[in-house]
Amino acid sequence: MPFSAIRGQEHAVGILKRSLEGNRVAHAYLFEGIEGCGKMLTARSLAEALFCGSTEPCGSCPACRKMATKQHPDLHLLEPEKGIIKIDRIREIQKELSLRPVEAPKKVCIVNQADRMNQAAANAFLKTLEEPPGNALLILLSDTPTALLSTILSRCQRLRFNPLPLEILTELLLAQGAAAEQAQSAASLAGGSMAKGTAILQEGFLTRRREIVEQTIDLTPRDFATLTVTAERLGHEREQAQEVVEVLTLFFRDVMLHRHGSLPPVNSDLSELVERTAGGLSTGDIMERLEAIIRAGQALTRNVNPRLTLEALFMSLAMGR
Ligand SMILES: [Zn+2]
């Protein structure tokens, strides 16, 4: 993939391109940034540029074609297995990197989620960083660089990757075939991460969110008899109950913003419901609801019954209607 196709990371990409142009590529990099912001794409493009022998991968030479099909013999990927990178995998990689490159000028090793190395693995990897076998290029990726040994940090050139801006994330989700409103909503919930945006769309999160909102915003005291059933259905498990609380927090935040006419809404696909709710509640009513939701969220972090917590929350939402 050419560098020009990487979105939202002009700063990091610019530094890498200038290093390639000046033939000053470091022997080890640490790409720091949240999951799903383009670190892996950029690492692969850097490897591709080195294999292609140009500052912008051409996309058509044999090396670039092998990179496109993930079959280049000189690119090595090290990733956590069941959440951990163990020393055995480090030893294997060290062995592979000590062999001569098959066809490229040098081998490249990308370490995804490098902070998942356990103590033994990290110490062994440090030796690889101090003396990269066969002049290999090492690219470490991490969303929590503070979890890495300081001796590893100090041996890497560190590059910061930013969370993707909302407009870029929306565009990328649209390009993946999402409908406009869904793309916008998923992007605003994804916190700058393409991985999260895609997951939100795939997991039917938006549908569940609509269900939560529809079943709770119009509750009145007349519904008290059935609140247990609603609470049971929406939040039987703690995680589900927490999701209900998050969804309602963002929803009533939008209701408040709508009343006061500022900032784009998070729930753009629910704008009709936001408008209707804002029309029927005073600022004080909205604040009361937000406070009840926040209290429920705090209760869920303690060891209280999730269903009972939701039931109490729904009662508060139903009051004064
Ligand atoms: Zn090429």
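Which residues in H12 meet which residues in H14? The tour of this predicted model reaches that contact at its last stop.

**Domains**

Begin by colouring the chain by domain: residues 3-162 form domain 1, residues 165-203 domain 2 and residues 204-318 domain 3. Select domain 1 and domain 2 together; their C-alpha centres are 27 Å apart. Six residues of domain 1 and eight residues of domain 2 make up the contact between them. On the domain 1 side, this contact comprises two nonpolar, two polar and two charged residues.

**The sheet**

Next, display the strands. An open sheet is built from five strands with parallel pairing, in the order S2-S3-S4-S1-S5. Select residues 75-78 and 157-160: these are strands S2 and S5, which stand at the edges with a single partner strand each, so one side of each has no neighbour in the sheet. From one strand to the next, the twist averages 20°.

Move to strand S1 (residues 28-32) and strand S4 (residues 137-142), which are joined by five bridges in the parallel sense. Within this part of the sheet, look for glutamate 32, which stands opposite serine 142 in S4.

**Helix H12 and helix H13**

Select residues 238-260 (H12) and residues 271-280 (H13). The two axes come within 9 Å and cross at roughly 70°; H12 and H13 are therefore roughly perpendicular to each other. The crossing, as H12 passes H13, is right-handed. To see the contact, show Asp254, Val255, His258 and Arg259 in H12, which meet Val274, Glu275, Thr277 and Ala278 in H13. By class, these residues are three nonpolar, two polar and three charged.

**Helix H12 and helix H14**

The opening question can now be answered in the viewer. From H12, select Arg238, Ala241, Gln242, Val245, Leu248, Thr249, Phe252, Val255, Met256 and Arg259; they meet Thr283, Ile286, Arg289, Leu290, Ile293, Ala296, Gly297 and Leu300 in H14. Coloured by class, the contact shows eleven nonpolar, four polar and three charged residues. Finally, centre the view on Val255 and Arg259 of H12, which are among the residues that meet H13 and also among those that meet H14.

Definitions and conventions:
Residues are numbered from 1 along each chain as its sequence is written. This is a predicted model: local features need pLDDT of at least 70, side-chain atom pairs count only at pLDDT 80 or more; totals for chains, interfaces and linings use all residues. Domain bounds come from an automatic or database domain assignment. Two residues are in contact if their C-beta atoms, placed from the backbone, lie within 7 Å. Ala, Val, Leu, Ile, Met, Phe, Trp, Tyr, Cys and Pro count as nonpolar, Asp, Glu, Lys and Arg as charged, and the others, Gly among them, as polar. Axes are lines fitted to C-alpha atoms, for helices over the stretch in contact, and angles run from 0 to 180 degrees between N-to-C directions. Helices (H or I, at least four residues) and strands (E, at least two) are DSSP runs, numbered from the N terminus. Angles under 35 degrees count as roughly parallel, over 145 as roughly antiparallel, 65 to 115 as roughly perpendicular and the rest as oblique. A crossing is left-handed if the near helix is turned anticlockwise from the far one by less than a right angle, and right-handed if clockwise. Two strands pair if DSSP finds at least two bridges between them.
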